[in-house]
Amino acid sequence: MSEHQRYYLTTPLYYVNSRPHIGHSYTNIACDALARHWRQRLGRDKVFFLTGTDEHGQKIARAAQAAGQEPQAFTDAISGTFRQLWTALNVDYDVFIRTTEERHKQAVRKVWTDLDAKGDIYSSSYQGYYCTPCETFLTEETVRQMTSEGREVTCPDCKRAAERIEETNYFFRMSKYQDWLVRALENGADEQGRPMVVLPETRRNEVLGFLKANKLEDLCVSRPKARLSWGIETPLSSEHVTYVWFDALVNYVSACGYGSDPVALERWWPADVHVIGKDILRHHAIYWTILLKALGLAPPRLIFAHGWWVVGGEKMSKSKGNVVDPVEIAAQYGVDAYRYFLLRETPFGQDGVFSQEALTLRFNTDLANDLGNLLNRSLTMCEKYFGGEVPAFEVSAKAAELKDLVDGLSGRVERAMERLAFHEALQAIWEPIGRANKYIEESAPWTLAKEGRTAELKTVIGALHEVLSATAKMLYPFMPATAEAVASQLGIERLEVVPYPVRWGSFAAGGRRIAKGAPLFPRIEDPDKPKTGDKKKAKSA
Ligand code: MSP
């Protein structure tokens with residue numbers, strides 16, 4: 001349990017230059033599971049889940065132009081598709097911020113004036129190379145190396161050709177904070193002992209390695225309007241707008257009161273976790289932490305960089321035509337099966353391979369066989385032997401094993417979620433499910449019924465009901481609709497009535513009437529062609 005009793009988590013703000021794909025949905029599904037988990041622990045009003053869209057910059061301006069639209073109309077439309085996607089995927093965020101909102105612009109202007117007052121901003125003319133897709137300047141060192149080798153100057157990240165530019169701009173004195181940052185990253189805390197952790201460890205080492213091998217250059221934080229007008233005008237010059245990253249990062253504080261509501265800021269800042277993809281680690285672990293330090297704000301407690309999904313062994317890209325649409329996948333397999341797959345298949349910090357075969361395998365094995373069958377068999381027996389009324393029962397030695405698993409379950413899931421180890425949390429939830437399926441075989445309720453051993457039969461049916469109630473409760477953050485469907489078949493009106501943390505017997509089942517329904521996850525027989533009827537059922541699960 002965290003000592004500060006509230007949880008603030010953020011996703012990156014998505015660029016609105018193209019439609020969302022599975023990579024974008026990954027972070028938001030993970031954050032949704034995390035937010036729902038913490039709401040179970042702390043209560044809804046103690047959790048703040050922020051997401052949104054990043055709407056300024058060259059890349060967006062060019063995409064709007066290519067679409068023949070004004071940037072604002074263009075960003076309104078694409079920002080809307082992100083919101084729709086989150087609704088479709090059952091992502092229950094608290095605030096959706098757009099960087100074109102007035103309160104955000106106001107916060108960005110305050111950042112400029114505060115840094116200027118501190119002497120951390122200066123203007124200077126700049127000549128160099130710029131990568132528009134990444135919205136980043138190439139370092140002098142990179143350019144020197146490429147030109148000395150007689151190569152074309154390309155972006156070290158995306159490998160596309162960089163553009164040569166020459167202009168007067170404003171710079172943020174990032175270099176002056178380099179030693180501070182190295183120490184803070186090494187200690188996992190700032191000089192005041194406030195935590196500032198980067199996970200996974202390999203990512204932290206990567207940032208430290210970079211900082212030790214390179215001298216940080218000051219960050220160019222403006223763009224001349226002559227070149228780009230789609231941005232937040234700087235309060236220092238009406239000829240310049242704010243560099244898109246310097247604008248976007250500020251969302252993490254503008255959304256919780258920076259520049260507008262000091263009480264809210266005090267309540268929520270620092271963030272408990274910024275969840276990001278590995279490609280934007282440097283922007284967060286270097287630019288953002290230094291900017292906060294310069295502004296006199298606490299560092300984020302944790303920055304977690306997850307891996308990337310690859311398709312057919314390759315990075316997804318429009319040009320390769322291998323971009324996977326989350327809406328299509330969710331329509332085919334069901335929202336919850338999709339959520340489950342993303343969080344169960346690959347440890348959160350590592351890259352994952354997305355394929356329909358792997359998704360089908362998880363669907364058939366974990367969802368249809370393990371969870372679906374357990375529910376189905378348990379309810380069928382409850383109907384057959386007790387007319388659909390869950391019996392009161394005594395715990396036997398065999399059932400005690402299940403009891404121990406249920407009693408330890410919330411703690412195990414909590415420890416996994418504190419490390420964003422979603423796959424481990426799900427493994428922990430599947431343990432009592434697997435054990436309960438074996439328990440059915442071992443205790444052979446059909447024989448108990450035949451032999452009239454009613455007390456033992458009551459134990460089996462009652463114990464299975466306990467396991468399933470606990471499972472539904474713990475599964476809710478990951479697969480909300482499925483958890484509710486399981487609960488409703490168990491005869492539980494609302495999942496909230498099951499107390500958290502789950503405890504065997506704390507939710508007395510005896511006397512409850514079950515309401516067995518259709519199987520939640522009918523097996524997919526041909527991985528290439530899920531049956532239409534199955535799709536619908538799985539979707540409504
Ligand atoms: N706008 C910036 C972030 C600003 S945060 C203040 C941005 N946007 S993005 O739309 O390009 O990317 C958003 C996120 O999607 C990143 O975290 C990135 O890692 C993630 N992903 C993009 N493709 C991905 C995969 N194939 N797999 C997993 N995540 C991926 O960067």
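I take partly exposed to cover the range between buried, under 20% relative accessible area, and exposed, over 50%. By that reading aspartate 92, with a relative accessible area of 25%, is partly exposed. I note at the start that I am working on a predicted model.

**Entry: salt bridges**

I looked up the salt bridges and found that the structure holds 41 of them. I began with aspartate 92, which forms a salt bridge with arginine 44, the closest N and O atoms being 2.8 Å apart. The pair links distant parts of the chain, since aspartate 92 belongs to the loop between α3 (71-88) and β3 (95-98) while arginine 44 belongs to the loop between α1 (22-42) and β2 (47-54), 48 residues apart.

Which residues are linked with Arg44 and Asp92 in a network of salt bridges? I found Arg39 and Asp94 there, so that I record the network as Arg39, Arg44, Asp92 and Asp94.

Next I turned to lysine 212 and glutamate 186, whose side chains meet in a salt bridge with an N to O distance of 2.7 Å. This pair, too, links distant parts of the chain: lysine 212 sits in helix α7 (residues 201-213) and glutamate 186 in helix α6 (residues 178-187), 26 residues apart. I had to class the two residues separately, because lysine 212 reaches 55% relative accessibility and counts as exposed, whereas glutamate 186, at 39%, is partly exposed.

I also looked at glutamate 451, which forms a salt bridge with arginine 453, and there the closest N and O atoms are 2.6 Å apart. Glutamate 451 has a relative accessible area of 48% and is partly exposed, and arginine 453, at 34%, counts as partly exposed as well.

**Entry: α13 and its surroundings**

For the packing of helix α13 (residues 335-345) against helix α16 (residues 422-443), I noted an angle of about 110° and axes 7 Å apart. α13 and α16 are therefore roughly perpendicular to each other, as angles of 65 to 115 degrees are classed in that way.

Which residues of α13 meet α16? I listed Tyr340, Leu343 and Arg344 on the α13 side, and they meet Phe422, His423, Leu426, Gln427 and Trp430 in α16. When I sorted the residues of this contact, they divided into five nonpolar, two polar and one charged.

I checked how strand β14 (residues 309-311) pairs with β15, and the sense is antiparallel, over two bridges. Within that pairing I noted that valine 311 stands opposite glutamate 314 in β15.

The other sheet I looked up is also open and has three strands, in the order β9-β11-β10, with antiparallel pairing. Its edge strands are β9 (222-224) and β10 (233-234), each of which pairs on one side only. Between β10 and strand β11 (residues 237-242) I found antiparallel pairing over two bridges. Which residue in β11 is the bridge partner of threonine 234? I recorded serine 237 as that partner.

Key:
Residues numbered from 1 in each chain as written. Predicted model: local features only at pLDDT ≥ 70, side-chain atom pairs only at ≥ 80, totals over all residues. Heavy atoms only, no water. Salt bridge = Lys/Arg side-chain N within 4 Å of Asp/Glu carboxyl O. Helix = DSSP H or I, 4+ residues; strand = E, 2+ residues; numbered from the N terminus. Buried < 20%, exposed > 50% of the residue type's maximum accessible area, 1.4 Å probe, protein only. Axes fitted to C-alpha atoms, helices over the stretch in contact; angles between N-to-C directions. Parallel < 35°, antiparallel > 145°, perpendicular 65-115°, else oblique. Contact = heavy atoms within 4.5 Å. Nonpolar A, V, L, I, M, F, W, Y, C, P; charged D, E, K, R; others polar. Pairing = 2+ DSSP bridges.
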